[in-house]
Amino acid sequence: MTERGEQRLTIRDVAARAGVSRAAVSLAFNNKPGVSEATRARIIEVARAMGWEPNLSARALNKQGTGTIGLAISRPARQLGLEPFYMEFISGLESVVSDHSGALLLRLVKSLDEEIELQRHWWRSGQIAGSVLVDFREHDPRVPVLSRLGLPAVAVAHPSLTGPFTSLWTDDTTAVTEAVRYLAALGHRSIARVGGTAELGHSVIRGAAFSAAVADLGLPEGRQLATDFSGDAGARATRSLLTAAKRPTAIIYDNDLMAVAGLSVAAEMGLRVPADISLLAWDDSQLCKLTHPTLSAMSHDIHAFGADVARSLYEVLAGGRVAAHQVPTPALTPRGSTGPPPERE
C-alpha cells in the first residue's frame, strides 16, 4: 500500500484540496482561459503545497502515465559508453519501448540517494509511467522508498534483493559454478575471480557461488578481487594476480571489458594465453570475438533480457500481474583463451 502523500498527484486530488472543479484545475495547469487569475494562482499554490512539480500538463498528472519509462544507472558516462552489457541491455529495452510508441528516459547518477530523489521527481512530475531498476544492493534503500512512492517498476535482480517489485534475473550461482567446474575439468587448481563492485547484490551472489564451487571441488581457496567494472580496474586486478608469488592459472572476470584488459596485461607480462594463463569473460559481447585469442565466455542474450524487462514493465503498467521470473542462465562458450594449465600445475 502506498502512502497518500507520496503518490503522484492527480487533477482530482488538487481539485478536492482547492475546492474547485477538475475542469478548473486542468485550465489552470494548462494556462488556458476560463478561470480568473486569482483562482489560477490559488490552484497552483495548493498544488505546489501538495508536492506538484512545475511545468506539468493535466495529461502528465493522469495516473495512466505517458508511456515513458525511466532508467537510472550509477556509472561514469565514459565508462558506460564502453560497457557492452548496458549497451546491449538498453538496445533491448528500446526495441520494446519503440513498439509501444514510448520513450526511454536515461540518467546517470552518482549515488543511490541521488537516484531516489530523481525517481521521486520523475514520478511526481509525471515524466515517467514507470521505471526499470538496476544494480541492487543488499538491503537496498530504494526498495522501501520507491515502493511507498507507488512507483510502478521492474527490478533487474534476484528477488531476494527487490522487495515487492517484480524482478527478472539470471541464475548467477549456476553460471559461476559451471565456469569453475569447466576450468577444473581442464586441470586448473588455482582459479581466481575479478569481480565487480563489492556491494552489488549480484557480486555478492557470484562471490559466494565461486567460494562454494572451489570448496566443493576440493580446490584451494581462490583469490577474489573487487573492481568498478572498468577496463583500468580489470587491468590492475589482473596485474596484481599475475605478479603474486603464486599466481593463478585461470581467471574468471565479471564482464567482457575487464577480460579484454586482462588479456592485454598477460601480453604485457610475456604470458601466453592460454598456455600460461586461461581467461574466461562474462556476457560474451562482440569484444570476445575480436581479440586474439578469442575469449571464452559465459554467454547470454542481453538484448533479449532487456526486451523481456521492458515487456514486463508495460504489462505492469497495463494492470497485469507479472510474475517474477528467471531469464535463461548464462552458458559456457569455449574459445581460444582457455586450455589446460601449464606443466608446473
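The model is predicted: local features need pLDDT of at least 70, side-chain atom pairs count only at pLDDT 80 or more, and totals for chains, interfaces and linings use all residues. Residues are numbered from 1 along each chain as its sequence is written, and side-chain values use heavy atoms, without hydrogens and water.

**The sheet**
- Six strands form an open sheet with parallel pairing, in the order E2-E1-E3-E4-E5-E11.
- Strand E2 (103–108) and strand E11 (325–326) each have a single partner strand, so one side of each lacks a neighbour in the sheet.
- Strands (E, at least two residues) and helices (H or I, at least four) are DSSP runs, numbered from the N terminus.
- Two strands pair if DSSP finds at least two bridges between them.
- E4 (residues 153–156) and E5 (residues 166–169) pair in the parallel sense over three bridges.
- Val154 stands opposite Thr166 in E5.

**A helix across the sheet**
- Helix H5 (residues 84–99) lies across E1 (68–73), E2, E3 (130–133) and E4.
- H5 runs at about 150° to E2 (angles run from 0 to 180 degrees between N-to-C directions, with axes fitted to C-alpha atoms, for helices over the stretch in contact).

**Two packed helices**
- H10 (residues 231–242) and H11 (residues 256–268) pack at about 45°, with their axes 8 Å apart.
- That makes H10 oblique to H11 (under 35 degrees is roughly parallel, over 145 roughly antiparallel, 65 to 115 roughly perpendicular, the rest oblique).
- Contact (heavy atoms within 4.5 Å) involves residues including Gly231 and Leu242 of H10 and Leu257 and Glu268 of H11.
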